[in-house]
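Student: Hi! I've just opened this one and could use a hand finding my way around. Can we look at it together?

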Amino acid sequence: MSNVVLKCSDLGIVFGGLAAVNGFDIEIHEKEIAGLIGPNGAGKTTVFNLLTKVYEPTSGSIELNGQSTAGKTTVQLSKMGIARTFQNIRLFHNLTVAENVMTAMNQSMKYSLLEAILRLPSYRKEEKAVREKALELLSIFNMEGMADVKASSLPYGAQRRLEIIRALATEPSLLLLDEPAAGMNPAETAELMEVIGQIRDTFGIAILLIEHDMSLVMGICDNITVLSFGQVIARGTPAEIQSNPVVIEAYLGKQKEA
């Protein structure tokens with residue numbers, strides 16, 4: 001069996017006496033694409049915020065590649081191998097496509113502030129190497145031709161891909177995708193499915209995604225966990241989830257949530 005990348009046990013958080021997430025368990029292995037679904041307000045984004053230490057859990061534990069994340073900051077978690085995209089795209093719109101990707105590589109750069117200010121040869125050499133690495137990442141997703149285009153000029157689907165590429169630039173072992181298909185048309189969603197599969201196959205990483213588009217979830221995920229009111233009500237393969245009466249009643253059976 002492949003290595004366990006993420007393991008959550010009895011994870012929970014309480015806001016003002018109300019349990020937003022309660023007893024959440026999940027185990028994700030390398031090269032696995034896992035889905036996290038549920039009605040609006042079920043606690044899905046709260047789980048992502050717990051995993052990335054936007055919130056500190058009230059109870060339970062999180063392990064990333066066998067190491068506890070207790071007491072770690074968001075920056076430290078990034079170095080441990082976790083990366084995230086957001087439902088609302090968060091790009092540097094005034095920077096170029098390549099520059100957006102390069103910003104994610106800053107933590108691996110070794111030049112000093114003085115070398116950067118004076119633009120010494122050591123700085124220029126490392127900057128060149130980082131740009132080449134950014135272009136290599138962009139080429140995997142056929143975006144190298146857009147390298148010098150401002151991020152704000154990109155079509156919506158390309159902005160989504162850029163945000164994912166920027167997350168990959170941190171070299172994660174776990175990629176969290178928060179509603180990556182939000183706002184996409186069917187053609188863009190189909191292309192996104194290919195991109196997600198390509199990421200898993202090319203980089204060999206684990207992926208956990210929140211998504212309301214059931215065609216994407218059922219078409220790409222190996223396993224799915226279903227949340228309702230902060231608690232896991234079901235987990236299984238896409239086929240098992242689609243036929244689960246509890247899930248149908250809580251989520252899939254409600255047309256407005258589909």
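Student: Is Tyr55 buried, exposed or something in between?
Tutor: Tyr55 is partly exposed, because its relative accessible area is 29%, and the term covers what falls between buried (under 20%) and exposed (over 50%), using a 1.4 Å probe and protein chains only. This is a predicted model, where local features need pLDDT of at least 70, side-chain atom pairs count only at pLDDT 80 or more, and totals for chains, interfaces and linings use all residues. Residues are numbered from 1 along each chain as its sequence is written, and side-chain values use heavy atoms, leaving out hydrogens and water.

Student: And how many aromatic pairs are there?
Tutor: The count is one aromatic pair, where rings of Phe, Tyr and Trp (its six-membered ring) pair if their centres lie within 6.5 Å. The rings of Phe15 and Tyr55 have centres 5.1 Å apart and planes at 75°, so they are edge-to-face (over 60 degrees; under 30 is stacked, the rest tilted).

Student: What about Phe15, how exposed is that?
Tutor: Phe15 is partly exposed too, at 38% relative accessible area.

Student: New topic: which residue lies over the face of Phe86?
Tutor: Arg90 does, at 3.8 Å from the ring centre. The rule asks for NZ of Lys or CZ of Arg within 6 Å of the ring centre and within 35 degrees of the ring normal.

Student: What order do the strands of the open sheet come in?
Tutor: The order of the six strands is β6-β7-β8-β3-β9-β10, with mixed pairing. Strands (E, at least two residues) are DSSP runs, numbered from the N terminus, and two of them pair if DSSP finds at least two bridges between them.

Student: Which residue in β9 is the bridge partner of Leu36?
Tutor: Thr225 is.

Key:
Helix = DSSP H or I, 4+ residues; strand = E, 2+ residues; numbered from the N terminus.
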